[in-house]
Amino acid sequence: MLRLKELELLGFKSFADRTRLICDGSTAGVVGPNGCGKSNLADAVSWVLGEQSARMLRGERMSDVIFNGTGTRPPTGMAEVSMTLVESEPPSMISAAADELEKVIGVGETADASGSRSEPLAKDARPLRRPGDEIKVTRRLFRSGESEYLLNGDACRLRDIQDIFMGTGLGPESYAIIEQGRIGQILSSKPSDRRAIIEEAAGISKFKSRKRLAEAKLESSRQNLARINDILEEIVKQVNSLKRQASKAARYKELHGELRAR
């Protein structure tokens with residue numbers, strides 16, 4: 001389970017100066033009068049996790065998240081939010097189930113549908129994180145429109161960040177951040193909309209996303225194969241035509257040689 005350890009903001013909305021919020025593991029609450037920037041913290045978390053809708057961030061354009069200046073301070077040219085999460089100890093029931101699974105399958109091994117063991121997973125490909133591991137996600141947006149995503153200091157894609165948090169409640173169908181009025185919207189929404197939130201909570205949304213990606217790749221491969229077959233048929237026709245021309249040329253060469261000999 002991921003736990004929020006630190007949130008760092010620079011030039012994001014009302015946070016013109018670099019601001020660090022450190023969570024020590026206990027329950028934290030942010031209180032203050034209207035307009036002091038409480039909602040901006042929730043917006044910062046949604047934004048750094050890849051929110052692409054400016055409307056969901058209470059703005060008209062994505063550039064609205066950059067500090068726009070005041071009467072005494074100039075606007076900033078960049079907005080940056082960094083969020084550090086740490087892997088905590090899972091609940092005892094989940095931990096016991098994981099230990100039992102390791103006994104059946106084997107540590108670092110996977111089992112296929114027939115129950116046979118395969119080769120150990122590569123270190124970078126292990127889906128499980130160890131308690132104490134930290135993940136630092138950073139997002140930057142410049143006034144020029146350029147944006148950057150960083151994962152533990154390394155440049156990455158938005159898709160990489162979404163894959164990490166999908167199924168944890170921090171994915172695209174996030175239920176970890178529920179703004180004012182969202183509860184009523186969820187209760188009054190269609191069953192298909194509520195199902196997406198339930199699937200995210202159950203942790204199966206990431207597998208459905210991978211399934212959609214795999215099906216899209218298969219469909220793209222089928223289309224490429226169909227184009228290759230069309231090209232192959234055309235090439236076969238050209239080869240047959242060239243064979244007939246080559247046969248005529250060889251026959252002409254043979255007759256021409258016989259004529260010269262006579």
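This note sets out the main features of a predicted model of a protein chain.

1. Overall composition. The protein chain has six helices and six strands as its secondary structure. Along the sequence, these elements follow the pattern β-β-α-β-α-β-β-β-α-α-α-α.

2. The six strands form an open sheet, and their order across it is β2-β1-β3-β4-β5-β6. The pairing in this sheet is antiparallel. At the edges lie β2, which covers residues 19-22, and β6, which covers 154-155. Each of these two edge strands pairs on one side only.

3. The pairing of β1 and β2. Strand β1 spans residues 2-10 and runs antiparallel to β2, to which four bridges join it. As for individual residues, L7 has L21 in β2 as its bridge partner.

4. A helix on the sheet. Helix α1, made up of residues 38-48, packs on the sheet. The strands that helix α1 touches are β1, β2, β3 (78-87) and β4 (134-142). The direction of helix α1 makes about 80° with that of β3.

5. Contacts along the chain. Among contacts in the protein chain with a separation of 6 or more, 59% are between residues 24 or more positions apart.

6. Burial and surface. The protein chain contains 262 residues, of which 25% are buried. The chain exposes about 18500 Å², and carbon and sulfur atoms supply 55% of that area.

Technical notes: Residues are numbered from 1 along each chain as its sequence is written. This is a predicted model: local features need pLDDT of at least 70, side-chain atom pairs count only at pLDDT 80 or more; totals for chains, interfaces and linings use all residues. Side-chain values use heavy atoms; hydrogens and water are left out. Two strands pair if DSSP finds at least two bridges between them. Contact means heavy atoms within 4.5 Å. Axes are lines fitted to C-alpha atoms, for helices over the stretch in contact, and angles run from 0 to 180 degrees between N-to-C directions. Buried means under 20% relative accessible area, exposed over 50%, partly exposed in between (1.4 Å probe, protein chains only). Accessible areas come from the Shrake-Rupley method with a 1.4 Å probe; for residues, only the protein chains shown count as cover.
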